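Trainee: I have a protein model to look through, and I would like to learn how to read it. Could we go over it together?

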Amino acid sequence: MSGNNGNNNSNNNGGAANMPKEAEPHPVFEQLPGVQYCINSPPPWLETVFLGFQHYLLALGSIVFIPSMVVHQMGGSDKDKAKVVQTLLFVSGLNTLLHSFFGTRLPSVIGGSYAFLIPVTSIIHSKKYTLIQNPEQRFLETMREIQGALILTSCFQMIFGFLGLWRNIVRLFSPLSMVPLITFTGLGLYHLGFPLIAKCVEVGLPQLIIIIFISQYLSRFIKLKRPICDRFALLFSVAIVWLYAEILTWSGAYNNSKNSSCRTDSSGLISGASWFYVPFPFQWGPPSFAGGIFAAIFASFVASVESTGSFLAAARYGSATPVPPSVISRGIGWMGVGTLINALFGSVTGSTAIVENAGLLALTKAGSRRVVQISSLFMIFFSVLGKFGAIFASIPSPIMAASYCMFFGYVSSAGLGYLQFCNLNSFRTKLLLGLSFFIGISLPQYFRDHYLNSRNDDPMHNIHAGWFNDIMCVIFTSNATVGAVVAVVLDCTLPHGTDEKERKDNGSYWWDKFMHYNKDIRNDEFYKLPGQLNRYFPPF
């Protein structure tokens, strides 16, 4: 019997040893691992230059797209459009450079904001300008009023940022309410993805397939010492598909087609751009302060919300600590400076942190600040040398839209990454996420469907005050703004319960140490101002 017991015990011990280990959840990381170059660690110079050019190429999409939407409506010619594109490119490079030194110091590219399109379009279609018969005169008068609205708007943005008011707003967020903010910063731009690809599927779809293949699959077949495939996938794919589009254009494939989105010579930028042109303040004449101001102010609020989401994503992909609210507020203040520069030079829109470039940080795994600074120099250089810059700016929009599908997705996934700090088994969490996501998608879609048709029986559009309609549409067509507001209101009002563990469901216990700049010594490494400026402009 004792022998049998001994055998049984040994069998039991052996069985326990052979039992598989219980699965453990993935660890939580305050800083994203796997990033090869963080904010303060630049790549080698040659690699930095190519990465900077890649950021410049990606930023061209929105920089060209926004003027292309409005300049001809203003009465401008292709030459005027080329000047506005050059101006927006110039000020974007200048703002990006300033922001990398004095703003949040994140690797964020500063460009034109889509949030200002509604007030700008409202100014363009006002009766006093539609009655002007001379197109060039109508263009100049409209541009001057847009400049005046942007100048006043920039004051609002600078006050909110530099006085710390935006810091108090950001402190209302918890990791849980940040999820819809960052996620919708990317997903909210879905209309710039496949809807634009569909305008020329034979060009856009190959770009989407090729960039995914080069970045994710090609390295299996080509073994290289350095990660060239994923790091420069955008350059390779754009070059291949652009050449393919050029061949189709040259061969006459679109000669009898009304679809100009496929052609590489349809933008009119190469013929309209001058060889050498330096944008200067008030190049269109003195600004006028006639109208469109209220809607533009709310557009700056929306641009600030979306820039906050982009900053948080850029910090994540730059392997930095979460951005303290005071640093975000400082960045919004400099965003106001950027809007002022845009207004003075006349670039038809305010400034924002470009979302797709934050996604490019994830693809390249290079979140270096120096890369973005090199990108800003490319912007300034090619804005002055107009003909050369116009060549790159003539890339068909479906090619850029296909690239957006990947980069907007990366930004959205950065928002979902904040769920690791939250309790997903809480019904409070499920309600907050579900409702903010659903309202964040449904309500903006309603306003998009009805904004262009303001003469129907919809009660939201029966108000005859056009400025009020513009304000409502500016706010409620922004998925990030709607989703974030719903999430913050629910997070601040829904009861947590009596258990101390339930009070940690939204991750605020983890976020507390990042609420104030001095609570984490790592903040100086990423966000400290150059020289002794932190002493004179201390973050809180």
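Trainee: What radius of gyration does the protein have, next to that of a compact globule?

Mentor: Begin with the expectation: for 540 residues, a compact globule would have a radius of gyration near 24 Å.

Trainee: What share of the residues counts as buried?

Mentor: A residue counts as buried when its relative accessible area is under 20%. Applied to the 540 residues of the protein, this gives a buried share of 55%.

Trainee: And how much of the accessible surface belongs to carbon and sulfur atoms?

Mentor: The accessible surface of the protein comes to about 23,300 Å². The part of it that belongs to carbon and sulfur atoms is 65%.

Trainee: Is Phe-282 buried, partly exposed or exposed?

Mentor: You will find Phe-282 in the loop between helix H13 (269-272) and helix H14 (293-317). Its phi is positive, about 55°, although Phe-282 is not a glycine. Buried means under 20% and exposed over 50%. Because its relative accessibility is 38%, Phe-282 counts as partly exposed.

Trainee: Is Ser-319 buried or exposed?

Mentor: Ser-319 sits in the loop between H14 and helix H15 (325-345). Ser-319 is not a glycine either, yet has a positive phi of about 55°. Its relative accessibility is 12%, so Ser-319 counts as buried.

Trainee: Which residues have zero contacts beyond four places in sequence and a pLDDT under 50?

Mentor: For the protein, the mean pLDDT is 88, and 91% of its residues reach 70 or more. Over residues 455-464 the pLDDT is below 50, but that stretch has 17 contacts beyond near neighbours in sequence. Where pLDDT is low, the predicted coordinates should not be read in detail. The stretch with zero such contacts is residues 1-6.

Conventions:
Residues numbered from 1 in each chain as written. Predicted model: local features only at pLDDT ≥ 70, side-chain atom pairs only at ≥ 80, totals over all residues. Heavy atoms only, no water. Rg over C-alpha atoms; globule rule 2.2 N^0.38 Å. Buried < 20%, exposed > 50% of the residue type's maximum accessible area, 1.4 Å probe, protein only. Areas by Shrake-Rupley, 256 points an atom, 1.4 Å probe, with all protein chains shown as cover. Helix = DSSP H or I, 4+ residues; strand = E, 2+ residues; numbered from the N terminus. pLDDT = per-residue confidence, 0-100. Contact = heavy atoms within 4.5 Å.
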